[in-house]
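Subject: Structure handover

Hello,

Here is the structure I said I would pass on. Please look through it first; my notes come after it.

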Amino acid sequence: MFIYFQKESSKEDQLIESLLSTQSAKERETNRLTEEILILLAKPTAKELLLSERFRSQGGKQVKEFCGYGTREECQKNNIICDRLHFKKIIHKHTDESLGDCSFLNTCFHMDTCKYVHYQIDYLAVNNRVHIVNDQQIISTSNNNVEELALSKIDDATTTLFPPQWVQCDLRQFDMSVLGKFAIVMADPPWDIHMELPYGTMSDDEMRKLNVPVLQDDGYIFLWVTGRAMELGRECLTLWGYERVDELIWVKTNQLQRIIRTGRTGHWLNHGKEHCLVGVKGNLPVNRGLDCDVIVSEVRATSHKPDEIYGIIERLSPGTRKIELFGRPHNVQPNWVTLGNQVDGVKLLDPEMVKAFRKVYPDGNCIK
């Protein structure tokens, strides 16, 4: 009798547990509504669809991705048919493969003596849409040249876009008011970071006195800062009339898209990132919420910032006048005016800008 009672009790318990676990009609209705809400939240809004279509690359994506396996040999070991970009090892007489990869790879300053393994792009993986110049990728977009793309109107019918323009000058003395007003200012100053650098630097007081306010009434500034200049950069933004509203971070990678852990800068820790402060003045309408505040990009020459920053800025404020301070030849961009002492001479195409520039610098020499 005792054993039979236990069996009956077990069946009753199972039945009770089954009834308790069964959802009530109210619970089922609540879950259904929750699922519908989640589906609705996951769907892009009309505004999101409009913005994504507006900035969609013409003709599909134009870049060629890197293979995750790195070299073609490693890729083939996994029996994968791959049309992505691969790398191949650079082996010198002094190379010791047992040491592994050099953290700097193609940006190593001492490749002629460095015993670690370096890499270069495997040219067999390059098709007719990707060209290699000095081991750097140049992505061809279409049959249209850059100037034709730059001259197309984007959004503002009152703004004429021009091909790249630049002025070789000493920004400490140059009268920037001759260039007019800009919606976007970007600057990569030669901060005095108390380290040996392959270029001249500016003192803190010279940076504070830089006549940046003359360039903008309403707009945004993107100011690259180093570790020591972080607080000085914030101070400069305040002195120039800006409110700091955001910050971009560039996480540095090497040629194989791995984070650099042995940075060339930093007194206490190796710096594997750089910061770009974002300031605002006035009330310029912009497209907010399109991009992330982190850029993961490869390190190149000293102080060569990632090209992704130009895409972020253009999406933020398409079709507006933009200027870059302390730029170099690799910085010149369509619809941008680049100022710096390392660009070659003066190239201005905007008639109003040319007229104002000639009044102040009739001989075109503003490097004195």
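The notes below go from the overall figures to single contacts.

Please keep in mind that this is a predicted model.

Overall

The protein has 368 residues, and 37% of them count as buried. Its secondary structure comes to nine helices and 14 strands. Among contacts between residues at least 6 apart in sequence, 68% join residues at least 24 apart. The accessible surface is about 22600 Å², with 53% of that area belonging to carbon and sulfur atoms.

Strand S6 and its partners

Strand S6 covers residues 165-168. S6 pairs with S13 in the parallel sense, over four bridges. Within that pairing, glutamine 168 has glycine 340 of S13 as its bridge partner. S6 is also joined to strand S14 (residues 346-347), this time antiparallel and by two bridges. There, the partner of tryptophan 166 is lysine 347.

Helix H8

Helix H8 spans residues 308-316, and its buried residues are Ile309, Tyr310, Ile312, Ile313, Glu314 and Leu316. What do the buried residues of H8 pack against?

- S7 and strand S8 (219-225)
- strand S9 (243-253) and strand S11 (294-298)
- strand S12 (322-325) and strand S13 (336-340)

Serine 297 and its surroundings

Serine 297 lies in strand S11. Its relative accessibility is 7%, under the 20% cut-off, so serine 297 counts as buried. Leaving out residues up to four places away in sequence, serine 297 touches Trp250, Val251, Lys252, Thr253, Pro306 and Glu308. Two of these neighbours, Trp250 and Lys252, also have a contact with each other: the charged end of lysine 252 sits over the ring of tryptophan 250, 5.3 Å from the ring centre. Lys252 is also part of a network of salt bridges, together with Asp188, Glu274 and Lys305. A further case of a charge over a ring is arginine 321, whose charged end lies over the ring of phenylalanine 182 at 4.2 Å from its centre.

Aromatic pairs

How many aromatic pairs does a search of the whole structure find? The search finds five. In one of them, the ring centres of phenylalanine 174 and phenylalanine 357 are 6.5 Å apart, and the planes stand at 45°, so the pair is tilted. Phenylalanine 174 is in the loop between strand S6 and strand S7 (184-187), while phenylalanine 357 is in helix H9 (residues 351-360). The two are 183 residues apart, and the pair links distant parts of the chain.

Tyrosine 361 is buried, at 13% relative accessibility.

Salt bridges

The structure holds 17 salt bridges. Three of them are described here.

Glutamate 206 forms a salt bridge with arginine 172, with 3.2 Å between the closest N and O atoms. Glutamate 206 is in helix H6 (residues 204-208) and arginine 172 is in the loop between S6 and S7, so this pair ties together parts 34 residues apart in sequence. Glutamate 206 is partly exposed at 29%, as is arginine 172 at 44%.

Aspartate 217 and lysine 181 form another, their closest N and O atoms being 3.5 Å apart. Aspartate 217 belongs to the loop between H6 and S8 and lysine 181 to the loop between S6 and S7, so the parts tied together are 36 residues apart in sequence. Aspartate 217 is partly exposed at 47% relative accessibility, and lysine 181 is partly exposed at 40%.

Arginine 208 and glutamate 235 form a salt bridge with the closest N and O atoms 2.8 Å apart. Here helix H6, which holds arginine 208, is tied to helix H7 (residues 230-239), which holds glutamate 235; the two parts are 27 residues apart in sequence. Arginine 208 counts as partly exposed at 27%, and glutamate 235 at 33%.

Regards

Conventions
Residues are numbered from 1 along each chain as its sequence is written. This is a predicted model: local features need pLDDT of at least 70, side-chain atom pairs count only at pLDDT 80 or more; totals for chains, interfaces and linings use all residues. Side-chain values use heavy atoms; hydrogens and water are left out. Rings of Phe, Tyr and Trp (its six-membered ring) pair if their centres lie within 6.5 Å; planes under 30 degrees apart count as stacked, over 60 as edge-to-face and the rest as tilted. Buried means under 20% relative accessible area, exposed over 50%, partly exposed in between (1.4 Å probe, protein chains only). A charge sits over a ring if NZ of Lys or CZ of Arg is within 6 Å of the ring centre and within 35 degrees of the ring normal. Contact means heavy atoms within 4.5 Å. Two strands pair if DSSP finds at least two bridges between them. Accessible areas come from the Shrake-Rupley method with a 1.4 Å probe; for residues, only the protein chains shown count as cover. A salt bridge is a side-chain nitrogen of Lys or Arg within 4 Å of a carboxyl oxygen of Asp or Glu.
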